[in-house]
Amino acid sequence: MDTFLQLTSSGIAVGILYAVIALGFVIIYKATRVFNFAQGSFVLLGGFVFYSMGAQLGLPVYLAFPATFVAMMAVGWLTERLTMRPLIGQPILAPVMVTLAIIALIQGIVLLLWGSDMFPFAKGSLPTGIWRMGQVAIEQVDVLTLAVGLLFIAILSAFFKYTRPGLAMRVTAEDHTVAQNLGIPVKQVFSRSWMIAGLVGAIGGVFLGGILGGMVYNLDTIALKAVAVVLVGGLESITGVIVAGLIIGLAEAFAGGYLSTYLGGGIQDVAPFVILMVILLIKPYGLFGLVRIERL
Amino acid sequence: MRPSGVFNATYNQDMAIVRTKTQWGMFIGAMVALAVFPLVVSDTYVSWGIWIAYYIIAVLGLNILFGYAGQISIGHIAFVGVGAYVSANLVNHLGFNFFLALPLAGLGAALVGTVFGLPSLRLKGFYLAMATFAAYFIIIYFFNNIDDMTSAWRAWFPQLTGGMMGTFIDRPSIPFTNFVFDTDVKYFYLMAAVTAIMVFFAKNIVRTRVGRAFVAIRDNDIAAEVMGISVYRYKLLAFAIGNFYAGIAGALIGHYIGFLTPEHYQFFEGIWMLGMVVVGGMGYTMGPIFGATVLQLLKFWAVPAVASLAGAYLTFLPDQTLGRVGAASAWMFFALVVILMLIFEPRGIAHRWELFKASYRLHPFSY
């Protein structure tokens, strides 16, 4: 029972974090119809920028956080401006291929600037303590991740629901031509959604790095597990993303805790993808996704 | 497009790939050049040739799957691994000769590929891309762990992959003789021969009913279904053919390296191959040849050049950073080439080549 609670507590935190990263995919997909494979790389870059701000430049946490956010929003904006904008109107595979290339680009940048070692964040930037409840040890960083993740999702939902730019983004998601005719600056909406994706990358990177105990060079492949979250939840729905995030996070924690002795060490990394395959076979558009009817 | 003054008088002429005397001359010239190449250049270049041939075979398959049938596969490299391990096990445990194991490796990869292509019945576009993405991680997991999982039954179940410890395989030999493909030069001829056969089949598959069905599915799958093409069957067939190529490539390069671990099948290798398809030109048989050659030469030649330039002129950088310049520039070059190609020449080098040929044939006239 203690093991169960232990795994649940870490699974929920990771799950919410996956949901946040998955929101990055969903927002870009909804606004621009591009599936941004580079989201995992934004997470990688975000974490490393935070590491540099804290450990190398020596900024205090309350400055390092906003600085990372601004830097990553700039990265998102630049990505859209330099690579996505020229490809508007191309077959959809072209921008998707570009996002795959951006994975390689960011991989190269990270390798050049930081290298492939493990980089722990500056001391005191994230809580490292543990709360004990009986036999169950709850890591403070998990609780913080959960709180920040839920707060971020709440802010984002409010943004979409109650503000004009949010409304504009929702209209753009509906239909680009209609949005353009209504006087919505569609290109600006694209820009904004990429900036949000950068922001998501910053949050994902900081907390994923925090949970793992530091930044690693292959964090983007870990972050790409959020892809499973997106598709299990369905590409259209924010509720779906949260539910799926929890499912995947818990599945990963339980697989690591209970199955790894029987099925080998890597099972927690592959469990999300097994669930993804099963869901894709049973409900191809995810648990909460819109079923699209196609006609000629 | 035909050169002016050349007419198709017979059906055979109409179907011929190599048509005119000039083309025959160039074809034979190219074959001779390929045969002489390993004899006149140093061993480094021969091994470059072997790697390029490997990428050409694997990317030909990806081109059929992605360029012709429109089914994006991100985990192509995993099927390369399947081919390599199938061949290694057939040779090591069952004592098959390489030349028997090679087609079986292709078939094994095709079988696994078809299984993972099954979701393509209901999925398309990014959902399918994701299914192949998941397939990659599941397959690599099996490479790593299948021996641990079967360790309780080791007496009946041989060690298949060796997990992280890896598996050794020998260089192939010709049956009933003492001839072993032990040097790079000998291996180059093997690779070149297989590559030529695979290019020949790739070129012809896409000219048949099957290839046309693939193109129809890529362009509009609903319209294809209305025309009477069994979309599901042809999608699975595309997965089978594409991954057959991957398996062949994997077996060939596996026997060349002589040692297999899951580390050889990094996720980014799959993206690298997709990049080759895009840079070379989607939906042209020449595409993979251009793409594999250009990107591999970039990796082999430009990357060390950049590293040594950086070492010579950027001495103010710390040593550690300088040591990483080579590896990092490989990633960045690749990304920049793919991004710039997509922005400025989205149809790839092969398209440019077609335009060049057309203008050459029409030369004195503008159209």
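User: Starting with Arg33(A): what does it count as at 30% relative accessibility?

Analyst: Partly exposed. Arg33(A) has 30% relative accessibility, and the buried class needs a value under 20% while exposed needs one over 50%. Keep in mind that this is a predicted model.

User: Where is Arg33(A) found?

Analyst: In a loop of chain A. That loop runs between α1 (2-32) and α2 (39-56).

User: Is Phe176(B) buried or exposed?

Analyst: Exposed. Its relative accessibility is 87%.

User: New topic: helices. How do α3 and α10 of chain B cross?

Analyst: Helix α3 covers residues 43-68 and helix α10 covers residues 231-257, both in chain B. Their axes come within 6 Å and cross at roughly 165 degrees. Angles over 145 degrees count as roughly antiparallel, so that is the word for α3(B) and α10(B).

User: Which hand does the crossing of α3(B) and α10(B) have?

Analyst: It is left-handed.

User: Which residues in α3(B) and α10(B) meet?

Analyst: From α3(B), they include Trp51(B), Tyr54(B), Ile57(B), Gly61(B) and Leu65(B). From α10(B), they include Phe239(B), Gly242(B), Tyr245(B), Ile248(B) and Tyr256(B). The contact residues divide into 18 nonpolar, four polar and no charged.

User: OK, now α11 and α12 of chain B. At what angle do they cross?

Analyst: Roughly 120 degrees, with the axes coming within 7 Å. Helix α11 of chain B is residues 267-280, and helix α12 of chain B is residues 286-313.

User: I see Glu269(B) and Lys299(B) listed. How do their side chains meet?

Analyst: In a salt bridge, at 3.9 Å from N to O. Glu269(B) lies in α11 of chain B and Lys299(B) in α12 of chain B, so the pair ties together parts that are 30 residues apart in sequence. Glu269(B) counts as buried at 17% relative accessibility. Lys299(B) is partly exposed, at 29%.

User: Which residues form a salt-bridge network in chain A?

Analyst: Lys225(A), Glu252(A) and Asp269(A) are joined into one network by salt bridges that share partners.

User: How many salt bridges over all chains?

Analyst: Nine in the whole structure. One of them pairs Asp182(B) with Lys186(B), with the closest N and O atoms 3.0 Å apart. Asp182(B) is partly exposed at 44%, and Lys186(B) is partly exposed at 28%. Another joins Asp219(B) and Arg218(B) at 3.1 Å, N to O. Asp219(B) is exposed at 55%, while Arg218(B) is partly exposed at 34%.

User: What does Ile203(A) contact, leaving aside neighbours within four places in sequence?

Analyst: Leu17(A), Val20(A), Phe69(A), Val148(A) and Phe152(A).

User: And His351(B)? Where is it, and what does it touch?

Analyst: His351(B) is in helix α14 (residues 348-361) of chain B. His351(B) is buried, at 13% relative accessible area. Not counting residues up to four places away in sequence, His351(B) touches Tyr284(B) and Glu345(B).

Notes:
Residues are numbered from 1 along each chain as its sequence is written. Chains are lettered from A and ligands numbered from 1 in the order in which they are written. This is a predicted model: local features need pLDDT of at least 70, side-chain atom pairs count only at pLDDT 80 or more; totals for chains, interfaces and linings use all residues. Side-chain values use heavy atoms; hydrogens and water are left out. Axes are lines fitted to C-alpha atoms, for helices over the stretch in contact, and angles run from 0 to 180 degrees between N-to-C directions. Helices (H or I, at least four residues) and strands (E, at least two) are DSSP runs, numbered from the N terminus. Angles under 35 degrees count as roughly parallel, over 145 as roughly antiparallel, 65 to 115 as roughly perpendicular and the rest as oblique. A crossing is left-handed if the near helix is turned anticlockwise from the far one by less than a right angle, and right-handed if clockwise. Contact means heavy atoms within 4.5 Å. Ala, Val, Leu, Ile, Met, Phe, Trp, Tyr, Cys and Pro count as nonpolar, Asp, Glu, Lys and Arg as charged, and the others, Gly among them, as polar. Buried means under 20% relative accessible area, exposed over 50%, partly exposed in between (1.4 Å probe, protein chains only). A salt bridge is a side-chain nitrogen of Lys or Arg within 4 Å of a carboxyl oxygen of Asp or Glu.
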